[in-house]
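Dear colleague,

My notes on what was found follow below.

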Amino acid sequence: MMITRNGKLSWEVILRGILAAIVLAATWLAANQPWYGEAAENAAAADSSSPTAGQADLDKAIELKLNASTFSDLGEVIRLCESAIAKGLDEANTEFAKQLLGATRFQRGLLVGETVLSTLPVDNNWPTFRKVAVADLEKGLEVDPEQPEAWLMLARLNVLPNGDLERARFAVNQAVEKAEDDRRLLVQALLLRADLTDDHEKKLNDLNRLLELEPEDPRVLRARGAALLALDKAEEAIADFDRALAKAPGHVPTLEAKIDALLDLKRFDDAMAVADQIEEAAPRNAAAWFQRGRITGVRGEFEKSLEYLDKAAQMEPRNVAVLMIRAAVYQELGKSEEAMKDVNRALELRPDNPALLRLRAAILAGSGQLSQAVRDLEQVREQGSAEPSIDLQLGLLYSIQKRHGKALEQFDKVLVVEPRNVAALRGRADTLLSLGRHAEAIADYEKALEVDSNDSGILNNLAWVLATSPDEKIRDGKRALELAVKACELTEYKAAHILSTLAAAYAENGDFENARKWSQKAVELGSDSEKEALQKELESYQRNEPVRELIEEPLEPAAEAAEPQPKTPSEAEKGTEEKTEKETEPANPPSDLRDSPKEPQDSPTGKQPPRAPESATDSFHRA
């Protein structure tokens, strides 16, 4: 809805909205007269007496159609055509009546559809009128499917909330196919189809075709820039954004998209300069301060980021994007309570928003409230999200909870879609190792190393199982030592749990002197929670005994510990903020303030409390 600078509704907009609502109400009345639709057809059928009994009704329909100027007139033409067909016409006139009926339905469907689209923020009854328009268009297309404008309107109406997106995609494909000779319609149809597809390559093809038709259209340039950015072509995206800005200077969404591309390239100073341009173009909204908060957050300057986001929140306290990003910054600063307050406030404004639920899950996981985090992610999954990253996050959380069967299910789902997903391969391997299924774990670690040969965690865990598995057919001391040395080099010999793995590899090779040396170093560097397990490993090497990985955990834990519910804002805080001009939908939940939420990680050691057998120390993988 248009808002004037002083925050009051424009009377022109209100008047236009009232008039549009009256028009829609008239449409509804015209479309629901007792003679409308199936009831009329049945009544007419009862009166039919000859193949030409409907001719009088058809003649009236033709005469009225020539002068029809209102929705009621069009409704009467539809009624007369339906009545004529039902009463009876000869073959030629039957075909003509059907064509007239289809054309009239197209006309009314398009008029009602345009009215719905133009009054969407004003009239709360728009879903009812949308239904009328869709019914007219669908029935008209049954008679004459070669109508690109009708297909396009059908697609646009189905894109609206609670519409049929699959029907919208089909309709827009029909519109593109049938609008080849109508440049105006083809441009609109290609733009809509590009917006509806999740396939960035197909989107890019449509946008390239559009630019052949409209080479300087800033809308198309912006859209292609966004598609290029999604394909990790940030430099090309910036070129398109700059061309769009040359045609439409100061366009804030384009400037914001350019910041996204600059952040991908880590050109932080250039991104801040664009934020200054946003402030110049829109000094009264929070966009510039919000973007400065994002930029400094990505840069790791969290205190500075918080200052900027606080300024944005003062200007627009109900801006969901500001609350969301500020929550992520609070979490980075270790202020989980403040982060939870912001994300819960945002969820009050956008209930069940999947991006917000994912962010809250990340905050809950970081605070150790794993069951609550799982519930939030399961709610996102129930909403129909098909993103593999959600399955991955659920798998990691289930794994931390030792719900290994559930974890394996989630990792398997990810790997069906993305067989080279390193995090899923690592997560499944770690879970298999927890279950004592060492050969399967090794296979997944090896696949993960094919994708990323410098992941110290994967190197460490693979070295550990090759050095400590109780199955001598699996153990490979030479390879374990090579992997452990590389993992230590990548972590500069400063990670206690990786030094512990190096010691285990030396022990497997019979070099207990070096095993004791690196095990002692691990004990010295280890945290208080690690020292007991590390000390037992050292004692084993002092006896010239290698360590063996003996833990075989059950698929599911015996019982889940109860966790506190996530905090919500107090009742006193609710409803105190005044509405402002903009309530922005959140972007994807960030770990770096742009991408998906930080995935739950293992503890620093990943070790479990030892259960030492008589001749071996029982330890566990850790990275």
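In which loop is Tyr493 found? Tyr493 sits in the loop that runs between helix H26 (477–490) and helix H27 (496–508). Please keep in mind throughout that this is a predicted model, and that what follows was computed from it. The phi angle of Tyr493 is near 55 degrees, which is a positive value in a residue other than glycine. Tyr493 has a relative accessible area of 29% and is therefore partly exposed, since the partly exposed class lies between the limits of 20% for buried and 50% for exposed.

Another residue with a positive phi is Lys402, where the angle is near 65 degrees, again in a residue other than glycine. Lys402 belongs to the loop between H21 and helix H22 (404–417), and its relative accessibility of 29% puts it in the partly exposed class.

The chain as a whole

The secondary structure of the chain comes to 29 helices and 0 strands, and of its 623 residues 49% count as buried.

Helix pairs

In the pair formed by helix H4 (residues 71–87) and helix H5 (residues 91–118), the axes come within 9 Å and cross at roughly 150 degrees. An angle over 145 degrees counts as roughly antiparallel, and H4 and H5 are therefore roughly antiparallel to each other. Their crossing is left-handed. On the H4 side the contact is made by Phe71, Leu74, Gly75, Val77, Ile78, Cys81, Glu82 and Ile85, and the residues they meet in H5 include Leu100, Leu101, Thr104, Arg105, Arg108 and Leu111. Sorted by class, the contact of H4 with H5 has 11 nonpolar, 4 polar and 4 charged residues.

Helix H13 (residues 252–264) packs with H14 at an angle of about 170 degrees, and the axes of the two are 9 Å apart. That angle makes H13 roughly antiparallel to H14. From H13 the contact draws on Val252, Leu255, Glu256, Lys258, Ile259, Leu262 and Leu263, while the residues of H14 that take part include Phe268, Ala271, Val274, Ala275, Ile278 and Ala281. The residues of this contact between H13 and H14 divide into 11 nonpolar, 1 polar and 3 charged.

The axes of helix H20 (residues 370–382) and helix H21 (residues 388–400) come within 10 Å and cross at roughly 155 degrees, and H20 and H21 are therefore roughly antiparallel to each other. The crossing of H20 and H21 is left-handed. Leu370, Ala373, Val374, Leu377, Glu378, Val380 and Arg381 of H20 meet residues of H21 that include Ile390, Asp391, Leu394, Leu397 and Tyr398. By class, the residues in the contact of H20 with H21 are 10 nonpolar, 1 polar and 3 charged.

Buried positions

Arg360 lies in helix H19 (residues 354–366), and at 13% relative accessibility Arg360 counts as buried. Leaving aside residues up to four places away in sequence, Arg360 touches Met340, Val343, Asn344, Leu347 and Asp376.

Ala282 is placed in the loop between helix H14 (268–281) and helix H15 (287–298). Is Ala282 buried or exposed? With a relative accessible area of 13%, Ala282 is buried. The C-alpha atoms of Ala282 and His251 are separated by 9.2 Å, although these residues are 31 residues apart along the chain.

Note on methods
Residues numbered from 1 in each chain as written. Predicted model: local features only at pLDDT ≥ 70, side-chain atom pairs only at ≥ 80, totals over all residues. Heavy atoms only, no water. Axes fitted to C-alpha atoms, helices over the stretch in contact; angles between N-to-C directions. Helix = DSSP H or I, 4+ residues; strand = E, 2+ residues; numbered from the N terminus. Parallel < 35°, antiparallel > 145°, perpendicular 65-115°, else oblique. Left-handed = near helix turned anticlockwise from the far one by under 90°. Contact = heavy atoms within 4.5 Å. Nonpolar A, V, L, I, M, F, W, Y, C, P; charged D, E, K, R; others polar. Buried < 20%, exposed > 50% of the residue type's maximum accessible area, 1.4 Å probe, protein only.
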